[in-house]
Amino acid sequence: MAQLWGGRFTKETDRLVYQFNASISFDQRLYRQDAEGSMAHVRMLKKQGILTEEEQNQILQGLQEILADVESGKLTITDEYEDIHSFMEANLIDRIGDAGKKLHTGRSRNDQVALDMRLYTRAEVQKTDGLLQDLLKVLLGIMEKHTETIMPGFTHLQKAQPITLAHHMGAYFEMFRRDRLRLGDIYERMNYCPLGAGALAGTTYPLDREYTAELLDFYGPVENSMDAVSDRDYLIEYLSALSTIMMHLSRFCEEIILWNSNEYQFVEIDDAYSTGSSIMPQKKNPDIAELVRGKTGRVYGALMALLTTLKGIPLAYNKDMQEDKEMAFDAMDTVNKSLVLFTGMLDTITFCKERMSDSARHGFTNATDAADYLVNHGVPFRDAHGIVGQLVLYSIRQKKALDDLSLEEYQAISPVFEADIYEAISMETCVNKRLTVGAPGKATMEEAIRAYRAYLEGGCSAEK
């Protein structure tokens with residue numbers, strides 16, 4: 001059992017205790033961050049005269065070789081080691097001897113793991129941001145093609161008013177754009193370096209924490225050494241942002257599942273993103289959408305687990321904090337994979353434009369416009385509302401859309417209706433006369449698309 005401690009103890013740790021305590025099975029994914037953090041620490045120690053140039057060069061070369069061997073598969077990380085820190089340090093000492101024993105000067109595993117996790121999470125924030133940007137590009141492409149594709153807008157899952165597919169996709173564009181803004185905010189708050197905080201109270205060595213932070217591309221050091229080793233706010237924020245992303249994806253997936261059903265038939269999911277049934281040959285199931293919807297709870301669980309773990313921990317570091325990793329790693333992987341698969345599915349979906357338009361027309365989504373027509377002809381709105389309600393009831397009984405009624409049928413309910421009612425309630429009129437900011441009118445949507453295009457050309461949100 002390779003450990004970084006033991007002088008105080010007179011007998012071996014119980015094997016079960018060792019296994020329960022060890023984190024190598026999951027923190028091994030931090031190997032690159034651990035090596036990079038150690039390299040920065042060594043350069044700082046040399047700058048401060050704590051290490052000689054020869055010692056620095058030996059350690060740097062050893063760490064670079066270990067890193068290369070791990071990535072090539074020549075060196076395997078095994079459970080012989082307690083954690084990734086003991087793996088790196090033990091292998092370094094084996095390779096370069098006593099100089100490797102000086103690596104940990106002025107450092108604790110507390111600030112070391114805080115650094116590793118922060119570096120890893122920072123990279124994941126940027127990765128998620130890039131995947132969201134890819135999704136936004138697909139959404140924008142759909143919007144550009146479908147400013148005239150009319151479909152029903154819903155409230156309470158009831159057809160409400162006509163909109164366009166571009167308008168509907170624009171709502172999700174806004175959601176995912178806010179998700180990117182959240183990631184950018186998280187990056188700004190988390191991008192400070194905990195290394196040099198020691199176990200909790202700093203160190204007597206003359207460390208240059210600002211220099212270490214600069215080498216690792218941080219804005220500066222974390223100001224309080226106790227906070228540096230015990231802070232996981234950035235991880236809570238990231239898991240919260242991931243939960244919100246999954247909530248948005250899940251809502252979108254729910255709609256795609258509905259639209260894919262025989263009852264809606266608004267979309268055809270590409271074969272590459274569908275599966276069949278083992279017994280029913282006619283089935284084409286939206287499994288990717290259902291799995292993304294299902295995995296949302298898994299990400300929520302990671303957030304709640306970390307909040308619960310941290311809620312009763314006194315300052316500074318406690319072993320409970322080792323529980324910040326497994327479910328967080330799982331949540332990061334889950335969201336990033338979900339974004340990749342969802343984006344691919346959305347990019348290959350076929351939208352059934354005629355079916356969407358027909359659904360809007362037969363769903364009385366132009367009823368509000370019929371009421372507005374009466375108001376514009378001097379009928380009080382409350383009376384107009386009642387008249388159109390009677391008109392809809394009549395149409396339902398006759399199994400007709402409002403557009404299909406004759407002028408005589410209109411005038412039998414209200415003599416105010418004239419021949420221009422048909423133009424007033426056409427789907428195109430209903431949509432395109434709505435030109436206020438955020439509305440589905442074509443001119444408004446084209447302006448929104450221009451703004452979205454300029455936004456995406458501006459680059460990533462989660463960066464310096």
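Reply: Buried means under 20% relative accessible area, exposed means over 50%, and partly exposed lies in between, using a 1.4 Å probe and protein chains only. This is a predicted model, in which local features need pLDDT of at least 70 and side-chain atom pairs count only at pLDDT 80 or more, while totals for chains, interfaces and linings use all residues. Residues are numbered from 1 along each chain as its sequence is written, and side-chain values use heavy atoms, with hydrogens and water left out.

Me: Is Glu254 buried, exposed or partly exposed?

Reply: The relative accessible area of Glu254 is 32%. Because that value falls in the range between under 20% and over 50%, the class of Glu254 is partly exposed.

Me: Which residue meets Glu254 in a salt bridge?

Reply: A salt bridge is a side-chain nitrogen of Lys or Arg within 4 Å of a carboxyl oxygen of Asp or Glu. For Glu254 the N to O distance is 2.4 Å, and the partner is Arg293. Glu254 lies in helix α10 and its partner in helix α11 (residues 287–310), so the pair ties together parts that are 39 residues apart in sequence, where helices are DSSP runs of H or I with at least four residues, strands are runs of E with at least two, and both are numbered from the N terminus. The residue asked for is Arg293.

Me: How many residues apart are Arg189 and Glu237?

Reply: The side chains of Arg189 and Glu237 meet in a salt bridge, at 3.0 Å from N to O. This pair links distant parts of the chain, with Arg189 in helix α7 (residues 165–190) and Glu237 in helix α10 (residues 233–260), and the separation is 48 residues.

Me: Is Asp271, which forms a salt bridge with Lys284, buried or exposed?

Reply: The closest N and O atoms of Asp271 and Lys284 are 2.7 Å apart. Lys284 is partly exposed, with a relative accessible area of 29%. For Asp271 the relative accessible area is 58%, which makes Asp271 exposed.

Me: How far apart are the end C-alpha atoms of helix α5?

Reply: The expected span of a helix is 1.5 Å times one less than its number of residues. Helix α5 (residues 84–96) has 13 residues and should therefore span 18 Å. The distance between its end C-alpha atoms agrees with this, at 18 Å.

Me: Which residue takes a positive phi just after α5?

Reply: At the start of α5, a side-chain oxygen of Asp83 reaches to within 3.1 Å of the backbone nitrogen of His85. Just after α5, a positive phi of about 80° is taken by Gly97.

How values were computed: Polar contact = N/O pair within 3.5 Å; in protein donor to acceptor, adjacent residues only side chain to side chain.
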